Amino acid sequence: MQKRLYIQTVGCQMNVLDSEMVVAALRQAGYGLTHSVEAADTVLLNTCSVRQHAEDKVYSLLGQLRTWKRAHPDRVLGVLGCMAQKEQERLLDRAPFVDLIVGPGQLCRIAQLLAAVAAGERPQLAVSLARTAGPRAAIRRSHETFDPLRDPTMRPTPFQAYLRIQIGCDKFCTYCVVPMTRGPEQGRPPDDILREARVLADQGCREITLLGQTVNSYRYDQDGRSTCLADLLERLHEIDALARLKFVTNYPRDMTPRLLETVRDLPKCSPYLHVPLQSGSNAVLSRMKRGYTVEQYREMMHRIWDLLPGAAVSSDFIVGFPGETDEDFQQTVTAVREFRFKNSFIFKYSERAGTKAAERLRDDVPDAVKQARNRELLVLQDAISLEDNRRFLDTTVEVLVEGPSKESRRRGAEGPILQLTGRTPCDRIVVFDGPLRHAGALLPVHILDTTPHTLVGRLQPVSVPPDLVQLQHG
Ligand code: 5AD
Ligand code: SF4
């Protein structure tokens with residue numbers, strides 16, 4: 001009988017992609033997906049360690065699953081991803097009923113590990129080597145990329161897909177656990193990436209987002225030839241069925257003129273750049289070991305504005321990093337005012353065991369201060385995002401239609417016309433009314449209203465061919 005798998009994903013896009021791969025691999029091994037824990041005979045949690053909050057969520061889920069496991073001891077419970085790599089056996093101390101622990105660099109063995117559990121060999125622990133556990137080549141080998149098959153049913157929409165071009169990270173920002181959980185930075189071979197992109201295009205995919213922790217640092221050397229992200233984009237651009245190419249997340253120091261010129265010159269490349277600044281204070285950036293100053297980031301922003309006028313830039317910020325004073329924070333506020341990001345993801349500093357910051361710097365900013373700074377920055381960013389969005393009022397933008405909007409799905413709306421959602425080339429969310437059959441199409445939408453995070457519009461009459469409509473670079 002077919003086994004039933006329930007999988008829950010916490011964390012970043014890399015985890016969403018890993019879960020897609022796990023499902024694809026397990027379908028081949030005879031599993032089917034279920035959306036209910038009660039109906040499942042295997043439950044997998046794909047986890048995140050980037051902040052304590054994400055780990056707490058998983059421990060709380062495990063707490064709930066204890067009863068499920070007690071009621072059905074023959075069923076299988078697994079923890080995958082960054083927490084598996086970071087916590088290892090410690091997970092078993094807190095949740096001894098877990099059957100399997102698999103780090104992100106070992107997911108290629110998932111089917112085999114589940115078979116071992118089924119044969120009574122439990123718990124199974126599959127993790128990669130620590131960054132200091134041996135010769136560099138052995139450590140690299142122990143973190144394996146896992147990109148075997150694609151499963152369109154696991155994607156939020158069949159028209160959009162993530163494609164991993166790089167695993168790991170070598171930047172070692174002092175607050176960050178990722179270089180430990182995901183191992184050394186390694187680029188995937190360009191031919192593998194191209195092959196996978198063609199498979200995705202054949203599956204009906206119109207938009208591909210290339211993924212890497214520092215995606216613009218991508219490099220692959222073979223036979224004396226080096227391939228960088230700009231080279232990859234040029235090759236991917238030739239795949240006819242693809243309409244849009246995006247890439248996240250960028251590292252400020254590797255935002256080269258060549259890459260920006262490539263994005264400018266290739267019409268399928270979205271002029272959307274997520275390049276986290278993290279802090280507007282040089283003292284904090286230095287303690288974070290980010291490898292640049294605010295002045296260098298400003299130079300990069302001028303390069304972007306010069307080469308890609310109209311590009312949308314977004315950022316991440318950490319507030320309440322150890323030693324962050326009110327003045328440091330005000331410098332971050334000033335930076336947000338100056339750079340006018342399309343949007344910012346703002347996080348309260350969370351101390352992570354195993355990082356340099358946890359070893360050397362005291363987490364000395366009280367939570368109430370972190371909270372207040374978080375709120376202040378969010379209010380400012382929302383005001384900027386709203387002002388920015390208002391520029392689109394009464395213009396027409398090109399939208400890749402994704403499907404029913406969150407609101408439609410919440411209401412369980414049905415009928416010939418629904419509220420649909422999609423994105424502009426610059427990654428702005430647009431909602432408008434239209435028939436579901438438009439999902440997957442690139443259509444012109446006239447903007448009538450805005451909020452900080454959404455443009456609200458009306459579909460242009462279909463009798464107007466999109467290429468005759470004056471399109472704004474949304
Ligand atoms: N605490 C808070 N935020 C963090 N991030 C990474 N590590 C931490 C941490 N220890 C944030 C950074 C990064 C984003 C993915 O998560 O802003 O860009
Ligand atoms: Fe973490 Fe810094 Fe690497 Fe990003 S660049 S994954 S923040 S260490």
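In which sense do strand β11 and strand β12 pair, and over how many bridges? Strand β11 (residues 219-222) and strand β12 (residues 225-228) pair in the antiparallel sense, over four bridges. Two strands are said to pair if DSSP finds at least two bridges between them. Helices (H or I, at least four residues) and strands (E, at least two) are DSSP runs, numbered from the N terminus. Gln222 has Arg225 of β12 as its bridge partner. The hairpin of β11 and β12 has two residues between the strands, and Asp223 in this hairpin takes a positive phi near 50°.

The model is predicted: local features need pLDDT of at least 70, side-chain atom pairs count only at pLDDT 80 or more, and totals for chains, interfaces and linings use all residues. Residues are numbered from 1 along each chain as its sequence is written, chains are lettered from A and ligands numbered from 1 in the order in which they are written, and side-chain values use heavy atoms, with hydrogens and water left out.

Strands of a sheet pair through backbone hydrogen bonds, either parallel or antiparallel. One open sheet holds six strands, in the order β2-β1-β3-β4-β5-β6, with parallel pairing. Its edge strands are β2 (31-33) and β6 (124-126), and each pairs on one side only. From one strand to the next, the twist averages 20°. Strand β5 (residues 100-102) runs parallel to β6 and is joined to β6 by three bridges. Leu100 stands opposite Gln124 in β6. Helix α5 packs on this sheet and touches β2, β3 (42-47), β4 (76-81), β5 and β6. Contact here means heavy atoms within 4.5 Å. The direction of α5 makes about 165° with that of β5. Axes are lines fitted to C-alpha atoms, for helices over the stretch in contact, and angles run from 0 to 180 degrees between N-to-C directions.

Helix α5 (residues 110-118) also packs with helix α1 (residues 13-28). The angle is about 60°, and the axes are 9 Å apart. The two helices are therefore oblique to each other. Angles under 35 degrees count as roughly parallel, over 145 as roughly antiparallel, 65 to 115 as roughly perpendicular and the rest as oblique. Val22, Ala25 and Leu26 of α1 meet Ile110, Ala111 and Leu114 of α5 in this contact. By class, the contact has six nonpolar, no polar and no charged residues. Ala, Val, Leu, Ile, Met, Phe, Trp, Tyr, Cys and Pro count as nonpolar, Asp, Glu, Lys and Arg as charged, and the others, Gly among them, as polar.

Another open sheet has three strands, in the order β14-β15-β16, and its pairing is parallel. β14 (272-274) and β16 (344-348) are the edge strands, each pairing on one side only. The twist averages 10° from one strand to the next. Five bridges join β15 (residues 312-319) to β16. Ile318 stands opposite Phe347 in β16.

A residue is near a molecule if one of its heavy atoms lies within 4 Å of it. An N or O atom in the side chain of Arg51 is 2.9 Å from an oxygen atom of ligand 1. A polar side-chain atom of Asp316 lies 2.6 Å from an oxygen atom of ligand 1. Tyr175 places a backbone N or O atom 3.0 Å from a nitrogen atom of ligand 1. Tyr175 is also one of the residues around ligand 2. Others there include Cys169, Cys173, Cys176 and Arg290. The shell around ligand 2 has seven nonpolar, two polar and two charged residues.

Terms used
Polar contact = N/O pair within 3.5 Å; in protein donor to acceptor, adjacent residues only side chain to side chain.
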